[in-house]
Amino acid sequence: MLEIKNLHVKLEDEDKEILKGLSLTVPKGEVHAIMGPNGSGKSTLAHVLAGRDGYEVTEGEILWNGESLTELEPDERAAKGVFLAFQYPMEIPGVAGLTFLRTAANAVRKKRGEAELSTPEFLKLVRGKAEQLNIDMDMLKRPVNVGFSGGEKKRAEILQMAVLEPSLCVLDETDSGLDIDALKIVAEGVNALRSPDRAMLVITHYQRLLNYIVPDRVHVLSNGRIQASGGKDLALELEKSGYAAYQGKAA
Amino acid sequence: MSIAQQITTETKGRAAPVQVLKTKAETALAEAFAQAERSLPGGDWLRQLRRAAIGAFGAEGLPHRRVEEWKFTDLRAFMREAFPLATDAVLPKPAAIEELVRDALAGADLAKAFAVFVDGRGAGEAGLSAISEVDGAFLARLADHPPPWLEAEISEVGGHVGDSTLALNTALFTDGAVIDIANGREIDTPIALIFGDAGSESRTVATRNVVRVGKGAKIVLVESHLVPNAPRQVNTLTQLVIGDGAEVVHVKLVASREGSIHLGRTVARLGANASYRPFEMVVGNGVVRNDLAVTFRGQHSSFDLGGAKLVSGHGHADTTLVVDHAVPHCTSRELVKCVLADRGRGVFQGKVIVRPDAQKTDGKQMAQALMLSQDAEFDSKPELEIYADDVICGHGSTSAEIDPELIFYLRSRGIPLAEAQAMLVESFIGEAIDKAEPEEVQDALRALARGWLAREAQSAGK
C-alpha cells in the first residue's frame, strides 16, 4: 500500500512550495488516477515518488508497504518496486536498449536478492513482453529511445516496466503525445500488468486515457493538494465541467 | 627549472635569442647524444642527418608554452630533467615477448604479425613475426645500408628544422620497424608494432617506424605502447607513405603512467584515391602528446581520425593535428573524445590547411570532452586556414559534465549511481571507439575503456 501523508514539497533552490499537504492512499491491487490542471503539482508528485534530485520534502512522509521512501536514492526505490514511467523518456545515445534493460533488470534483481538472468532467460523474457507491446526486437538493439517516435518511446517505457516487474507503478502523463492507436497499445500493456500485488498511480491531464485504463479511484490534484476523490465517473465529470470548481486553496 | 636556465630572455614582449642558455634537460639530451652517437645505428648518411638534427634541437630547445603549437603542453615544464638514454636493454626472453604481444591490446590476437621493441630495440628473432605478405624488418639492421627509398623517406622527415621534438627523434632513435607492403596486397591480419620496457630505472627511449604501403594495398596497423614499468620519456615517430588507392587503418594505443612522457608523432602522406583511418586511444595518468601530420598529395583521398582519451590523476593528453589539403577533392574527418577525471587535462589542436588549388575540399572536425571532475581541464583549438573558395569546412567542440537528468533516468530503473555514470561515460566514449577498426580491435578498445572506468569507479568509491 502506498500512503502519502501530509506531503509538503518545495524546489531545493526556490522557496515556492509545490505540494502543500498532499495526502493519498493507494492499496495494492488498485489503480488510482490523478488528474489536475497544469501546474497543479502532478509531475512533481511523480518525480518525488521516484526520488529525483532538486526537490525537498519539508514535511510529511511517503510510505510504501509501511516503509518510508523519502530518504532512499532512486535506485534503492526501484529495488523496492517503485517504477516511474516518464512523461518525456530520455534518449541515451551509445547505450543499446537491450543492454540498458538487462543492466536494469539485473541491478534490481540483485538488490532484491534474486539471481541475475542469463542471456537466454533475459531474451526470452523481453521477447515475450515486447511482442505484447508491438515492439520490434530490432528497435531494442538501437540506442535507448534515440530516434524513436513519441509512441515508440512510451511503449518502450511500458516494456521497461513489464521487464522490471515493479509493485508500484507511477505513470506520468503517459498519454501525452500519443495517437489513439498508440494509446490503445500502451493501455493494453498497462492493463496486462494489473495485479493484486501491484498498485498503480496514473497521472494524466485528460480523461481519455482513463477510457482504456479504467481506474478504481480518481483524485483531483490542484494547488498542491488532493481537492476531491471519487470513482471513475469523477473523471467524466471533470471532462465536462473542467477543473475550475476544484481550485482549492492550500491549508 | 630555474629562470637562469631559460633558453631565451624576453625584452619588451619580444622573444630575442640573446643568449642560448639550456635547461638541465636540454643539456642532458645533447650530452646523451654526444655519448651515444657512435653506438647509434646508421651509416654516414644517417650520422649526418642526426648531427644536423641535434644541432636543430640545440638551437630551439624543448618547446614551451610560448610556442603556439605547444601552448597547452609546456614540454619544458613537464621535462625538468631528461632521463638517461636507454642503452642497457637486454634481449627479452621469448616468454616475455609473448606476454608483451598478449598485453599489447588484450582481447585482440596480434600474434600473427608483429614487431616487438623493448626500450627502443628490436627484440631479436623472436621479436619479429611476419606473415608472408608483409616485408618487415628492424630498422637498426637496415640502417647501415638502407634501400634507397628508405633512406629517402627518413631523410625527408628527419632533417626538419622548426620542430625540435621531431629533430630529437631523428638524433636519438635506436630502432623501429620498417614495413613495406607491395602493390595490391590486401592484408586483413593486423600488423602490430609493440613497444614495451624493461628494468626499473628511468630511461629515455626513441624509436622510428617507416611504413610504405604500395598502390591499391590494404593494411591494418596496430601500434601499441604498453604502460611502462618504470618512468619513460618516449619519443616515437611513425611515418607512412600511402600509395594511390591504398587503404590504411592505423590504431595507436598509448597506456601512460605518472612520471612518464610520451611524445608520439605520425607523419602520413597520401597518394590519390587513398584512405587513411587512424584511431588513437590514450589511457592513463602520464603526459602524452600525439602529433599527427597528414598531407594529401593526390586527389580524391580521405583521412578519418577517431580518438578516445581517458585521462586521470595529473594526466595530460594532447592531440595536435595538421591536415594539409594540398590538392583538390579530398575529405578529412576528425572525432576526438576525452574523458577527464581528477586533474586530467585534454588538449585538441586541429589545424586544417586548404591550399589555393584545393577546391572541393570537405573537412569536418569535432572535439568533445566529458568532465568527471571540477578540476579537469579541456583545451580545444581549431585552426582553419582556407585559401580556396569552393570548400566545406567545419569544426565543433563541446565540454560537459554527465547529464544529471540521464543519471536520474538510469537510477530510476534500479541502476546504481556508479554503474549509471559508467554507462553514460561508456556511451560518450563509445561513439568515438565505434570508429576503430576492425571489429576485434574495436571490442578490445571498448574493453580497455570499461576497465579504466571500473578502476575509476573503484578509486572514487574509496
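Two strands are taken as paired if DSSP finds at least two bridges between them; strands (E, at least two residues) and helices (H or I, at least four residues) are DSSP runs numbered from the N terminus. By this definition, strand 9 (residues 168-172) and strand 10 (residues 199-204) of chain A pair in the parallel sense over five bridges. The model is a predicted one, in which local features need pLDDT of at least 70 and side-chain atom pairs count only at pLDDT 80 or more, while totals for chains, interfaces and linings use all residues. Residues are numbered from 1 along each chain as its sequence is written, chains are lettered from A and ligands numbered from 1 in the order in which they are written, and side-chain values use heavy atoms, with hydrogens and water left out.

**Sheet of chain A**

- Six strands of chain A make up an open sheet with mixed pairing, in the order 6-9-10-3-11-12.
- Its edge strands are strand 6 (82-85) and strand 12 (225-230) of chain A, each of which pairs on one side only.
- From one strand to the next, the twist averages 20 degrees; axes are lines fitted to C-alpha atoms, for helices over the stretch in contact, and angles between N-to-C directions run from 0 to 180 degrees.
- A:Leu168 has A:Ala199, in strand 10 of chain A, as its bridge partner.
- Helix 6 (residues 150-164) of chain A packs on the sheet and touches strand 6 and strand 9 of chain A, its direction making about 170 degrees with that of strand 6; contact means heavy atoms within 4.5 Å.

**Sheet of chain B**

- In chain B, an open sheet of nine strands has the order 6-7-9-11-13-15-17-19-21, again with mixed pairing.
- Strand 6 (135-138) and strand 21 (377-386) of chain B stand at the edges with a single partner strand each, so one side of each has no neighbour in the sheet.
- The twist of this sheet averages 10 degrees from one strand to the next.
- Strand 7 (residues 177-181) and strand 9 (residues 203-213) of chain B run parallel and are joined by four bridges, with B:Ile181 opposite B:Val213 of strand 9.
- Helix 7 (residues 164-172) of chain B packs on the sheet, touching strand 9, strand 11 and strand 13 of chain B, and its direction makes about 95 degrees with that of strand 11.

**Cavities**

- A cavity is a set of points, on a 1 Å grid over the protein atoms alone, where a 1.4 Å probe fits but cannot get out, and lining residues have an atom within 4 Å of a point.
- Grid points are joined across faces, edges and corners, and a volume is the space filled by probe spheres set on the points.
- Under this rule there are nine cavities of 30 Å³ or more.
- The largest cavity holds about 230 Å³ of space.
- Its lining has 22 residues, and B:Phe195, B:His225, B:Leu226, B:Arg232 and B:Val234 lie nearest its centre.
- The second largest cavity holds about 110 Å³ and is lined by 14 residues.

**Interface**

- Across the interface, 17 residues of chain B are in contact with 32 residues of chain A.
- The area buried between chain B and chain A is about 1900 Å², with 67% of this given by carbon and sulfur atoms; buried area is the accessible area (1.4 Å probe) that two parts lose on being put together, summed over both.
- B:Phe408, B:Tyr409 and B:Arg413 supply 41% of the area that chain B buries against chain A, more than any other three residues.

Methods. 1 Å grid on protein atoms, 1.4 Å probe; cavity = no way out; pocket = protein on both sides within 12 Å on 5 of 7 lines; lining within 4 Å.
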